[in-house]
Amino acid sequence: MAVSFALSSAERLGWCFLRPTTAATGFRRAAGNSAAASVSVQDGHRKLKTEADLPEIKIFTMLYQMLFKGYLNSVHELQLYQKQVYGPLWKINAGNLQGISITSVELLEELLRKDEKYPCRGYMTLWTEHRDLRGISYGPFTEEGEKWYKLRAVLNKRMLHPKDSLQYGDVVNAVITDFIKRIYYLREMSPTGDLVSNLTNELYRFSLEGIASILFETRIGCLEKEIPAETQEFINSIAQMFTYNMHVALLPNWTRNYLPFWQKYIDGWDGIFKFGTKMINLKMEAIQTRLDTNQEVAGEYLTYLLSSGKMSCKDVYGSVSEVLLAGVDTTSNTMLWALYLLSKDPAAQETLHQEVTKVLKGDRIPTAEEVNSMPFLKAVIKETLRLYPVVPVNSRLIAESEVIIGEYLFPKKTTFNLFHYAISHDEKVFPEPQKFKPERWLRDGRTRPNPFGSIPFGFGVRACVGRRIAELEMHLALARLIKLFEMRPDPTVGEVKANFRSVLVPNKKVNLHFVERQKTET
Amino acid sequence: MSACVLRAFLQRAAVMRQAAQQTISQTRAFPQSYTHIRGINTYANSLRAEEKVTVHFLNRDGKRITVKASIGESLLDVVVDRDLDIDGFGACEGTLACSTCHLIFEEDVYKKLGPVSDEEMDMLDLAYGLTDTSRLGCQVCLRKDLDGMILRVPDVISDARADSEKESSTAPPKI
């Protein structure tokens, strides 16, 4: 039985990692360069600045801010602090962390509108080092240039167009049905009869089951009472890789032989690819068996990739594991934050409940098309993603030409750090930025925010390949949960804040009461 | 085991490709009366597939490009299949993941087009030079009553024309 859901963020990255290079100390404009000539003419009254004019953060300042000002676990909050101190644009020159940081929506838009034909996020050495070490192909995160474009063209098919993603509605619903069964089971086991403890873990299992259903075209048992050992090992591997990503990024390479972080980081990646490779091999064996017995080969996404003839076997390993990797964390965390936010906002929760029950009479399960016509449901997810962006910081390497951003001219091969968290919490873009206000996103005639203020799945062709599947998954799951249960916070937990683990995770275990709604309400 | 599977897999590649092509064709959501390399063709009427309509593009350099295209083709397919000289058009190949097939319609033509989905609106929000009569070419399929329409290709921002004293353009989101 094939099941559903996958999310890939082609722009999933904690920090951009570029080897230190000597910054150009000046720019010479050749007389024959028409682009430069145009710039000269247009800027006749203003001399462009260079990165030498920018405030600069070096390694000791960075370490001081993270260790002594307490931002080690909340690097996203550090964006807000640095923005206050250094302004909308500054330079980071701290060990492996290099680049120009952008924290205003206007500058972000200006940069993204100058995307090159093959947008480049920068050399992801921390990710590619493991591939090179193990001989694994790059994927949609890690590949660059024309090869990346061709890879994405294959992956995008049957994944990215809304009409394609809708076709996974039934398999997503099958996973959600099992998830709801598990919720009922967990409630019954709890002291109060309605509490679900450690929701983070439950949503991980849900997300992994969903993504595996699409990518591997098989159920892998995450929603069983006893989770298979290999599946649990895979979940642990992802958590391990993300946890140590920041340590490895900050520390110089020579510490790898003395400190445990690099090895733990590599072990995390090894666990990720071990699981993915096994699943793909199982599918290939199944396909081979059907071919050997002259049976028709039918299937969904993985069968399409393996049979399209456009990707080598090795490429499938690299790409599918990356898409899988991206999908589990990002959707499960967003679902967690959405449920948590709704539990603390009864009015928003009731508005959503009314919308869902108006469309779904009786015990009916929503179709993909039906959740598509629930604007407040979509707004809840959008607002959750604004408050807790899937990727709080991203990057772009402008590789092929000089670029003007604001009043600064930057040379070729400049890396920009895109601080999405700071931008999505900018009160000039989103009034009352700390407040959960889903109605901001409704298209009912109101003035809407600058769309570049919150681009959780990225921009343009480099945007997340799995975004439609992720949205479908979250919309269907949230609609069905809200129809059945009222979410209430567990008073013993207190306020939950976000920690940075490349994605934003809760800083403590989250428990929620799933209070069953009276049937008469529907 | 992996190497063994890999060898067997490669030996079967040709057969699998053939079989799967058949399967993939059978599972298409929308029947197609003719082949399209790109885009999701959401409108195909075999009885009128051979009818042609005329479309005029006003390119960025002010030149007019006139083409004849079949009813049911999306405007993205019209541009890409004929390799029209519109730089950067259709980067995501019609998967509704970018705004590079942004086109500006005349008011009366715009009103004839079908409804705008949320997904298209989300992409249009991010389009440069957005207007009240903007659509994405990949979502507009040709019909008989669109014969003779004139479309404008919006400008793209580039360094050569950037003005550091001018505020970055923020097109109001289309509602």
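User: Which residue forms a salt bridge with A:Asp426, and how far apart are the closest N and O atoms?
Analyst: This is a predicted model, in which side-chain atom pairs count only at pLDDT 80 or more. A salt bridge requires a side-chain nitrogen of Lys or Arg within 4 Å of a carboxyl oxygen of Asp or Glu. The pair meets that limit, as the partner of A:Asp426 is A:Lys428 and the closest N and O atoms are separated by 3.8 Å.

User: Is A:Lys428 buried or exposed, and what is the relative accessible area of A:Asp426?
Analyst: A residue is exposed when its relative accessible area is over 50% and buried when it is under 20%. A:Lys428 has a value of 72% and is therefore exposed. A:Asp426 is buried, because its relative accessible area is 9%.

User: What is the N to O distance in the salt bridge of A:Arg113 and A:Glu109?
Analyst: Both A:Arg113 and A:Glu109 are buried. Their side chains meet in a salt bridge, with an N to O distance of 2.8 Å.

User: Which residues are linked with A:Lys382 in a network of salt bridges?
Analyst: Over all chains, the whole structure holds 41 salt bridges. One network of salt bridges links residues of chains A and B: A:Lys382 is joined in it by A:Arg443, A:Arg448, B:Asp122 and B:Asp125.

User: Which residues gather with B:Asp83 in a patch of negative charge?
Analyst: B:Asp83 is placed in the loop between helix H3 (75-81) and strand S3 (102-105) of chain B. Its relative accessibility is 67%, so B:Asp83 counts as exposed. On the surface, the residues that gather with B:Asp83 in this negative patch are B:Asp61, B:Asp85 and B:Asp87.

User: What C-alpha separation is found for B:Gly90 and B:Cys101?
Analyst: B:Gly90 also belongs to the loop between H3 and S3 of chain B. With a relative accessibility of 10%, B:Gly90 counts as buried. B:Cys101 is eleven residues away along the chain, and the two C-alpha atoms are separated by 4.9 Å.

User: What is the phi of B:Glu93, and what is that of A:Glu217?
Analyst: Most residues other than glycine have a negative phi. B:Glu93, in the loop between H3 and S3 of chain B, is buried at a relative accessible area of 16%. A:Glu217 lies in the loop between helix H9 (199-215) and helix H10 (229-250) of chain A and is buried at 9%. Both values are positive: phi is near 60° for B:Glu93 and about 55° for A:Glu217.

User: What is the area of the nonpolar surface patch that includes A:Leu72?
Analyst: A:Leu72 is located in the loop between helix H2 (59-67) and helix H3 (75-86) of chain A. Its relative accessibility of 36% means that A:Leu72 counts as partly exposed. Together with A:Tyr64, A:Leu67 and A:Phe68, this residue makes a nonpolar patch of about 460 Å².

User: What share of the residues in chain B is buried?
Analyst: Chain B has five helices and five strands. From the N terminus on, these elements follow the order α-α-β-β-α-β-α-α-β-β. Of the 175 residues in chain B, the buried share is 47%.

Key: Residues are numbered from 1 along each chain as its sequence is written. Chains are lettered from A and ligands numbered from 1 in the order in which they are written. This is a predicted model: local features need pLDDT of at least 70, side-chain atom pairs count only at pLDDT 80 or more; totals for chains, interfaces and linings use all residues. Side-chain values use heavy atoms; hydrogens and water are left out. Patches are made of residues with over 30% relative accessible area and no salt bridge: like charges are joined within 9 Å, nonpolar side chains (Val, Leu, Ile, Met, Phe, Trp, Tyr) within 5 Å. Accessible areas come from the Shrake-Rupley method with a 1.4 Å probe; for residues, only the protein chains shown count as cover. Lys and Arg count as positive and Asp and Glu as negative; His and the chain ends are not counted. The place of a charge is taken as NZ of Lys, CZ of Arg, CG of Asp or CD of Glu. Helices (H or I, at least four residues) and strands (E, at least two) are DSSP runs, numbered from the N terminus. Buried means under 20% relative accessible area, exposed over 50%, partly exposed in between (1.4 Å probe, protein chains only).
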